[in-house]
Amino acid sequence: MRVLFTTFEGGGHVPAPLLAAVALRDLGHDVLVVSDPCNAPAAEAKALPFKSWRRAPDRGALGAASGGLSDWKTRWPPAVIRRICVDVATGPAAAYAQDTLEFAAEFDPDVIVSNELLFGVMMAAEKRGTPLALLTANLWCFPTREDVPPFGPGYTLAKSQSDLARDAVTRKLIRKFFDAGLPDLNAARALVGLPPLLHTLDQLDVARRILIGASAAFDFDADEASGRYAYCGPLFETPNWADGKAQMPDNGRPNVLISFGTTFQDQKSVLIRTMAAVETLPINAIVTLGPALADAILPQIANVRVLAQASHDAIVLQCAAVICHGGHGSVLRPLKHGVPLVVMPMGRDHADNAARLEWLGAGVRLSERASSGRIKRALVQVLDNGRYRENAQRFAKRLSDCDVSSRRAADGIASLVRTDEALAA
């Protein structure tokens, strides 16, 4: 079997397809990864064949303010979705479609596996008639399911008829917001010889499998598999740039990790407020900057150690709590080790991850605009109340091992070809 993987530079969007590609390669299948040039080292480190997009946007270096998504510039939901459409989903859809058609002509894949935001890749698979699987690195971000709350607002699981009505109305609104990208989408479809769609999200219908790189247990205990949706996560790993190691001080004080993500979201101010919040606490704090904050000038605080990069898997094992923005990997990695969190959502999937964290009783959610005093109180609450750690540890026992998860993804992808072969016979 030959499998073409497509993704783009979006921080946590990259590890999931690489892990699935490795699992398929190790099962004896041929794979090709296509992404932005800056993702080549990560693929090469796994000895995966790699090619860069030709026409599609080059997002630049990991963590650059000018790359990836510009949704961080606004918090108004219609504007956020419009930025996602313009930046990735529909604005460059024609370029992604043309590139994918060329790569597919050269590689002749049996299956195409795409990031869920690359609508241009979806239309290329549709044009070729090649089975398509979507592989998301975290929670499913489109309003096409009714068994979990709609993605975006950070809703908790519906408990009443009014909650269900809230969810239904929100799903309709989100679908409408995505139609801002319909003119670009249909122009791209016309370019490759496909008929127009009535709604932007109709493009998702071409996908025959949707593999969710999250744990079903984390997603409000959703069904492991339902229709074309299946969970195969968490799918994350230590990124190739985070090779630093950190040994926390052995002075009897609790250790706290502070991290606000790898992709740029203008997070310097919230980081400074968080550092000020821990200054007078009897703790050891360690801040990891990552590419997005690599050049940031930060205050020097006696009990705060700042590192350009380090492995969170190594650090959280030594920590009593984590303060972060709420990215999927940033939340799941501490939970995997039974460590509670304070989460300050800054957009994207953050509020939804925070809602699930609260549902588990394994942490506290704050506004990204919270004052240093409020951050300090929340951290003390998590450190002093043992139920947060107990709940985090209870959930840690339920999380799937990453190697098992990548094999699940590989099996879900391979099943597309097995199904076609069975139908052909």
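Where is R145 found? R145 lies in the loop between strand 5 (132-136) and helix 6, and we will come back to it below. Welcome to this structure, which is a predicted model. The chain has 14 helices and 14 strands. Of its 425 residues, 57% are buried. Among contacts with a separation of 6 or more, 65% join residues 24 or more positions apart.

**R145 and its surroundings**

- With a relative accessible area of 7%, R145 is buried, because buried means under 20%.
- The side chain of R145 makes a polar contact of 2.7 Å with the side chain of D147.
- Another polar contact, of 3.0 Å, links the side chain of R145 to the side chain of Y231.
- If you set aside residues up to four places away in sequence, R145 touches W140, R171, I212, D219, A222, Y229 and Y231.

**Helix 3 and its neighbours**

- Helix 3 covers residues 77-89 and helix 6 covers residues 161-178. Their axes come within 9 Å and cross at roughly 45°.
- That angle makes helix 3 oblique to helix 6.
- The crossing of helix 3 past helix 6 is right-handed.
- On the helix 3 side, the residues that meet helix 6 are P77, P78, I81 and C85. Their counterparts in helix 6 are I174, F177 and F178.
- Sorted by type, the residues of this contact between helix 3 and helix 6 comprise seven nonpolar, no polar and no charged.
- Which residues of helix 3 are buried? They are V80, I81, I84, C85, D87, V88 and A89.
- The buried residues of helix 3 pack against helix 4 (93-107), helix 5 (119-128) and helix 6.

**Helix 10 against helix 13**

- Helix 10 (residues 328-336) packs with helix 13 (residues 386-396) at an angle of about 90°, and their axes are 8 Å apart.
- Helix 10 and helix 13 are therefore roughly perpendicular to each other.
- Helix 10 brings L332, L335 and K336 to the contact, while helix 13 brings A392, F395 and A396.
- The contact of helix 10 with helix 13 holds five nonpolar residues, no polar residue and one charged residue.

- Some background first: most residues other than glycine have a negative phi.
- A47 is not a glycine, yet its phi is positive, at about 60°.
- You can find A47 in the loop between helix 2 (40-45) and strand 3 (50-52).
- Is A47 buried or exposed? At 56% relative accessibility, A47 counts as exposed.
- D108 also is not a glycine, and it has a positive phi of about 55°.
- Look for D108 in the loop between helix 4 and strand 4 (111-114).
- D108 has a relative accessible area of 48% and is partly exposed.

- G327 sits in the loop between strand 12 (321-324) and helix 10.
- Its relative accessible area is 8%, so G327 is buried.
- G327 and A354 are 27 residues apart in sequence, and their C-alpha atoms are 9.0 Å apart in space.
- Leaving out its neighbours within four places in sequence, G327 is in contact with D349, H350 and N353.

**N255, in strand 9**

- N255 belongs to strand 9 (residues 255-259).
- N255 counts as buried, at 8% relative accessibility.
- From C-alpha to C-alpha, N255 and I315 are 9.1 Å apart in space, although they are 60 residues apart in sequence.
- Which residues does N255 touch, not counting residues up to four places away in sequence? They are M248, P249, N284, Q318, C319, A320 and A321.

Definitions and conventions
Residues are numbered from 1 along each chain as its sequence is written. This is a predicted model: local features need pLDDT of at least 70, side-chain atom pairs count only at pLDDT 80 or more; totals for chains, interfaces and linings use all residues. Side-chain values use heavy atoms; hydrogens and water are left out. Axes are lines fitted to C-alpha atoms, for helices over the stretch in contact, and angles run from 0 to 180 degrees between N-to-C directions. Helices (H or I, at least four residues) and strands (E, at least two) are DSSP runs, numbered from the N terminus. Angles under 35 degrees count as roughly parallel, over 145 as roughly antiparallel, 65 to 115 as roughly perpendicular and the rest as oblique. A crossing is left-handed if the near helix is turned anticlockwise from the far one by less than a right angle, and right-handed if clockwise. Contact means heavy atoms within 4.5 Å. Ala, Val, Leu, Ile, Met, Phe, Trp, Tyr, Cys and Pro count as nonpolar, Asp, Glu, Lys and Arg as charged, and the others, Gly among them, as polar. Buried means under 20% relative accessible area, exposed over 50%, partly exposed in between (1.4 Å probe, protein chains only). A polar contact is a pair of N or O atoms within 3.5 Å; within protein, one must be able to donate a hydrogen and the other to accept it, and residues adjacent in sequence count only if both atoms are side-chain atoms.
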